Amino acid sequence: MISKNSSRRGFIKKAVGSALATAAMPSVLLGNDNRNVVELKATPLEKERYTANEQINVAVIGMGIMGHNNAATTVQIPGVKLVAACDLYTGRLDHAKELYGKDLFTTKNYKEILDRKDIDAVIIATSDHWHDRISIEAMNKGKHVYCEKPMVHHIEEGEAVIAAQKKTGKVFQVGSQRVSSIVTLKAKEIFESNIIGDLVLVETWTDRQGPNGAWEYSIPTDAKANTVDWDNFLGDAPKVAYDPVRFFRWRNYQDYGTGMAGDLFVHLFSALHTVTSSKGPNRIYSSGGLRYYKDGRDVPDVMTSIHDYPASDKHSAFNLQMRVNFVDGFHGSERLRLVGSDGVITVGWGSVKVERSITPKAPGYGGWDSFNTFSEAQQKEYEKWYKEKYPAEKPTMVEPGMEYKAPEHYNANIDHHLSFYNGIRKGTPIVEDALFSMRAAGPALASNKSYFEKKIINWDPEKAKLIA
Ligand SMILES: NC(=O)c1ccc[n+]([C@@H]2O[C@H](COP(=O)([O-])OP(=O)(O)OC[C@H]3O[C@@H](n4cnc5c(N)ncnc54)[C@H](O)[C@@H]3O)[C@@H](O)[C@H]2O)c1
């Protein structure tokens, strides 16, 4: 095993090496703030051709915004064919045929898809309240499953999904694409070099501005009881009369969605756990409120949360501050900032930056300090004493920062889908499997529990379970 120090030296050598080689290497640019900018390389999709027998037939269940996005991504993977789509609104099935041809099998009943022997894998992109049920039924019917995040709607549902994955041995991956992103993986490499010293704090947020970002999605004018299968949509949710707003903006209602935490905290947890190899927090507290979008929703539009992460063999103990704000007052932003004793790693969707400022061992004197209040004689005396005590004192070392950028049109979703199909074809281990996903969904859903019940939640990160 590489010691922390040797891997750190290796990283610094590589980082500084490429910084020094700026002039010689076309991929290393100098940012306008004197940061060294390196372009990350995306792995090109393999050109291999597969025979019809080797083809993986996939179906999308839940052909809404993300279902369409997943379909468009998945058909780019060599040897994968989209053969069926399921949705509860006629217009989305019609559009799937417009995009993928008249031969695409479409249905409003997902069981018809699970019953088809020629379908190898399903992508589940329904509203959250169907995730566990369709995932479990699909694995039991022999299908590999790519399920959108969050893996479950309620914490209690996690165990059964983990058990189904174990029992069936099917490939199961959840859809937080950041887990497979070249940016996240670079951040992981940087973090593991220990270049930022001891991790003490993580700040992460997703802030948005505008109704669309706050889930007020368009409702088609032909949404009627005969184009929307409302009874089927409700599933295990309480029976209420047909309401197109609840159907097309389901995220706003706890009966079908998981609020800001289930929708967006989950992405942040998945990225953080990938970078740090952490299993999760053990103590969770949330606050927030419904401040602006008073459109009938029963979830907050501002949510802040603090999470205590215990030390593990991969990182020191740290505190996490997490926030989602749909009323940003500006144009919104998203970050994951890992703050260590010797530097900061800042991860965005398209780039990761590392900046170092090493905490000096010598305390220093002068400036905003009590030294200036001493008598002149004492100041002289103190200086003499200080120089004897700290003969080799160096000022805080600030190194030029490094930034690693994904290529302009890089799409992490492609790498995440590729990971799923590599799992099926080659048995490549899946990072975002059921247990990993519950370690992300659990603290997110526990954040909701804390918010609604106004209390601190204790969580077992190893078992991914609530502590009573
Ligand atoms: N990974 C990401 O970046 C990302 C981004 C957006 C959404 N998502 C996730 O994708 C899922 C879908 O979100 P969306 O924004 O696409 O929602 P959406 O409302 O646009 O689409 C959901 C679709 O699911 C269908 N559906 C619901 N229950 C069904 C059932 N029982 N059988 C068949 N179809 C059913 C609905 O008809 C609807 O068209 C959510 O879980 C969300 O968290 C992930």
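The questions below concern a predicted model and ask how some of its descriptions are reached.

Q: Why does His 307 count as buried?
A: A residue is called buried if 20 or more other C-beta atoms lie within 10 Å of its own, and His 307, with 28 C-beta neighbours inside 10 Å, therefore counts as buried. His 307 is found in strand E11, residues 302-309, and, leaving aside residues up to four places away in sequence, it touches Pro 281, Ile 284, Leu 320, Met 322 and Pro 443.

Q: What makes H5 roughly parallel to H6?
A: The axes of helix H5 (residues 131-140) and helix H6 (residues 158-168) come within 9 Å and cross at roughly 10 degrees; because angles under 35 degrees count as roughly parallel, H5 is described as roughly parallel to H6. The crossing of H5 and H6 is left-handed. Among the residues that meet are Ile 136 and Met 139 in H5 and Val 161 and Ala 164 in H6, and the residues of this contact divide into five nonpolar, four polar and one charged.

Q: Why do strand E5 and strand E8 stand at the edges of the sheet?
A: The open sheet of six strands has the order E5-E4-E3-E6-E7-E8, with parallel pairing. Strand E5 (105-107) and strand E8 (172-174) each have a single partner strand, so one side of each is left without a neighbour in the sheet. From one strand to the next the twist averages 20 degrees.

Q: How do you know that strand E3 and strand E4 pair?
A: Two strands pair if at least two bridges are found between them, and strand E3 (residues 56-61) and strand E4 (residues 80-86) pair in the parallel sense over six bridges. Asn 57 stands opposite Lys 81 in E4.

Note on methods: Residues are numbered from 1 along each chain as its sequence is written. This is a predicted model: local features need pLDDT of at least 70, side-chain atom pairs count only at pLDDT 80 or more; totals for chains, interfaces and linings use all residues. Axes are lines fitted to C-alpha atoms, for helices over the stretch in contact, and angles run from 0 to 180 degrees between N-to-C directions. Helices (H or I, at least four residues) and strands (E, at least two) are DSSP runs, numbered from the N terminus. Angles under 35 degrees count as roughly parallel, over 145 as roughly antiparallel, 65 to 115 as roughly perpendicular and the rest as oblique. A crossing is left-handed if the near helix is turned anticlockwise from the far one by less than a right angle, and right-handed if clockwise. Two residues are in contact if their C-beta atoms, placed from the backbone, lie within 7 Å. Ala, Val, Leu, Ile, Met, Phe, Trp, Tyr, Cys and Pro count as nonpolar, Asp, Glu, Lys and Arg as charged, and the others, Gly among them, as polar. A residue is buried if 20 or more other C-beta atoms lie within 10 Å of its own, exposed if 12 or fewer, and partly exposed in between; C-beta atoms are placed from the backbone.
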